[in-house]
Amino acid sequence: MKLLKKVTMFGLLAGFGVSALADNPISTYHYLADPGAAADDDYFYIITDSDDPAPANSNGYKIYALYAFRSRDMQNWTDYGIIYDARKVSGINDIWASGIAVHNGTFYIVFPDGGGGGIGYIKAPAIEGPWTNAVGQGKDKLVGGRGIIGCDGVSWCFDPGIFIDDDGTTYVTWGGGESTSRPNTDNFDIVKLNDAKNAPVGNGSHVKVNNLPTRKMLEASYIHKHKGTYYFSYSTGWQQGAPTIDYGTSNNVMGPYTWKGTILGDPSMNGRSINGNNNHHGIAEFKGHSYVVYHDRRIAKGHNGLEIIPADDGQPKPNEGYHRSVSVDEMFYNADGTIQTVKVTDEGPAQIENFDPYDWYPALTSSKQKGVRSRSNFVQGKAADHVLLPLSSKESWLRVSGVDFGTAATGFTVEAASAADNNKIEIRTGSATGTLAGTCTLKNTGNKNTYAENKCEVEGLKGIVKQLFLVFKGDRDSTMAIKAWGFEGSGTTPPEPQKPFSGKAWDIPGKIEMENFDIPGSGRGSEIKSYSENDSEDHGAESNGGKSYREDTGVDIYKKATGYVVGYNQSGEWLEYTVNVKDDGDYTMFASVATDNSTASFTLSIDGKSVAEVPVAGDSWDDFIKVKANVTLPAGEHILRFAVTGDWFDIDYMTFAKGKDAKDPDDETIGIKGFRVLGADAVANFDVFDLTGKKVSSFTARNIHEAKKLWRENPQSRNVQGVCIIRNRHNGAVARVRTTR
């Protein structure tokens, strides 16, 4: 098969250039469960097991195989199908919840053999395989059964996790259930592997979690690391009602850990799960974001219009408890390193990179699907082989999101088998019935196992297409098998970097208005935009008569007496500004903020390097006060990032003054003529406004501090209730002042 040209041009992605959000679950054509997650510089990976073999009326799990997915952009996923099948590998029973890690280009998976008979261990050069036994000393298990070491009294010895530290040291955890010797407050073990990563060093050690609440530990052990801190997470189990994913932290991977809270509640919103059933997760960091994958019952519940696909025995409405789905959402940290409870969403995480159509993709690469099924042809010792099976006589399509066609696509190629005439694939934009860009009629190969290359011309595909549909048409169901596809054309859109909002970089020393953050760039890239907003709902519009400043961004911008401010700031959000620093050296940053929250905070960084951590505190959302920090900045043009690390404060602007512990420029009155600093006897004009914006007084003063004092002493101030705004007419410096009657 001819590989299409792969374009490797990267740049910054336009926030408005992609289909805004993904859709959960990641696959709608089979039942998946118990996900694990890993990532490298290029892809985010998910492994799952499958509830597909369970009949419709199942009252238990039937789990035999592992599936794999990967994504560059967190919206379009390639499904590799079965990568390891216990039914075809000698000496292995069922395969349930497993763990995955990737290090230096090698993938590692630990899996429970037979649901609790020990822990197997395999490795591969790619996520699709081929996977081989990684256990040393001539054994086929790491732990339990025919393993190198025993289960250490853990009741079921299942749901293993694997963690590879920054120095390459590998650790395996396991747990599950409780026994007489191992109660559910102490039922997890951890073991370190040797340098070859193929045998334990010593026996398992108990994982201690201090300060446990009423909810105890059961299964789904998982370790990840964030900013030097180790996080041990686990499922609290169905015996205690709604299961949650809880966690503890430690500065030592072996523990002890201290319980901190809940990462993920029972994912049962809108009746999607079954209260009292199970919960499972995987966590990985990817391209500056953190994500959690988990299972729910969205498909079996028909949630949000999802097609309820039949069970393996063909029955239309399978038992929801044993037919699960896998979803993904973004996860955020607080300033103190604790984890915010994940919001389970229908939309999933934002797309973080445009899709390159000029590569060659396995057929099951998509952001959404309808009316399709799949077939895995697993052969031990070979890479996974997964085939798309469109139903075709019904509504049947794949959707790909945020596709960057550049100047124009000219052709489409698909490798397919067809057991009938008149089978075809329509390429459409916008929807499954949207604008037709081209049609590929498939060659009749006589059966669904003989493949041929099919080509057709396309037109009208240029720039960034938010939603691309491959629509399958045929007279009879299941007469097509699609193996791979790709486009030919002139290349993706040339990258364009983000730009200053006004077209000119902000000068330092000088003032930066926070609402005027950079305009996003465009083109393919691993960074997306000039801002990150946790909540796409624009709260600024609510307070501004239904319309907000820069409302297309979703950033919460309000119009107040002082002008526009950025509000509703939450941990994990950030804004970027192109700045031009006049000279190398020390500067003092002053930020105008308002809050009644004592734990608010933000950081500043230059080109990704942290330069300041700034606590914010106050006693009123009406009174803007100044916080300051000393920073050292390099000369020249750079990207300044303002990142929220502690929730809930408003910010109006930042001012940078030259020198360490410099004076706030807003407190220096500037002369009207010649922009010179006025002497002790010089004065400037000040106006006073109430919070409705009405001017209530004018007078002169030497500086803004004196203006505030004069207003408090002015009898006229007693006629104005609450807070007023004092503004220097010449330089725009403002201050809030509260008076009492």
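Over the ring of which residue does the charged end of R550 sit? In this predicted model, in which residues are numbered from 1 along each chain as its sequence is written, local features need pLDDT of at least 70, side-chain atom pairs count only at pLDDT 80 or more, and totals for chains, interfaces and linings use all residues. Side-chain values use heavy atoms, with hydrogens and water left out.

The charged end of R550 is placed over the ring of F517, 3.9 Å from its centre; a charge is taken to sit over a ring if NZ of Lys or CZ of Arg is within 6 Å of the ring centre and within 35 degrees of the ring normal. R70 likewise lies over the face of Y43, at 3.8 Å from the ring centre.

A pair of aromatic rings is described by the distance of the centres and the angle of the planes. Rings of Phe, Tyr and Trp (its six-membered ring) are counted as a pair if their centres lie within 6.5 Å, and planes under 30 degrees apart count as stacked, over 60 as edge-to-face and the rest as tilted. By this rule there are 35 aromatic pairs. One of them is the edge-to-face pair of Y358 and F405, with 6.4 Å centre to centre and 80° between the planes. Y358 lies in the loop between β22 (325-331) and β23 (361-362), and F405 in the loop between β28 (397-404) and β29 (409-418), so the pair ties together parts that are 47 residues apart in sequence. Strands here (E, at least two residues) are DSSP runs, numbered from the N terminus. Both Y358 and F405 are buried, where buried means under 20% relative accessible area, exposed over 50%, and partly exposed in between (1.4 Å probe, protein chains only). Y358 and F405 also belong to one aromatic cluster, together with F355, Y361, F412, W485 and F487.

Strand β22 is part of an open sheet of three strands in the order β20-β21-β22, with antiparallel pairing; two strands pair if DSSP finds at least two bridges between them. Since β20 (281-286) and β22 stand at the edges with a single partner strand each, one side of each is left without a neighbour in the sheet. Strand β21 (residues 289-296) is joined to β22 by seven bridges, and D296 has S325 in β22 as its bridge partner. A further open sheet, also with antiparallel pairing, has four strands in the order β11-β12-β13-β14, of which the edge strands β11 (158-164) and β14 (200-206) each pair on one side only. Within this sheet, five bridges join β12 (residues 170-175) to β13 (residues 188-193), and Y171 stands opposite K192 in β13.

Several loops have backbone features of note. Most residues other than glycine have a negative phi, and most peptide bonds are trans. A cis peptide bond, with omega about 5°, joins G255 and P256, and P256 is found in the loop between β18 and β19. The loop between β18 (245-250) and β19 (257-264) also holds N252, which is partly exposed, with a relative accessible area of 36%. A cis peptide bond also joins I508 and P509, with omega about 10°. Phi is near 60° in Q137, a positive value in a residue other than glycine, and Q137 is exposed, with a relative accessible area of 60%.
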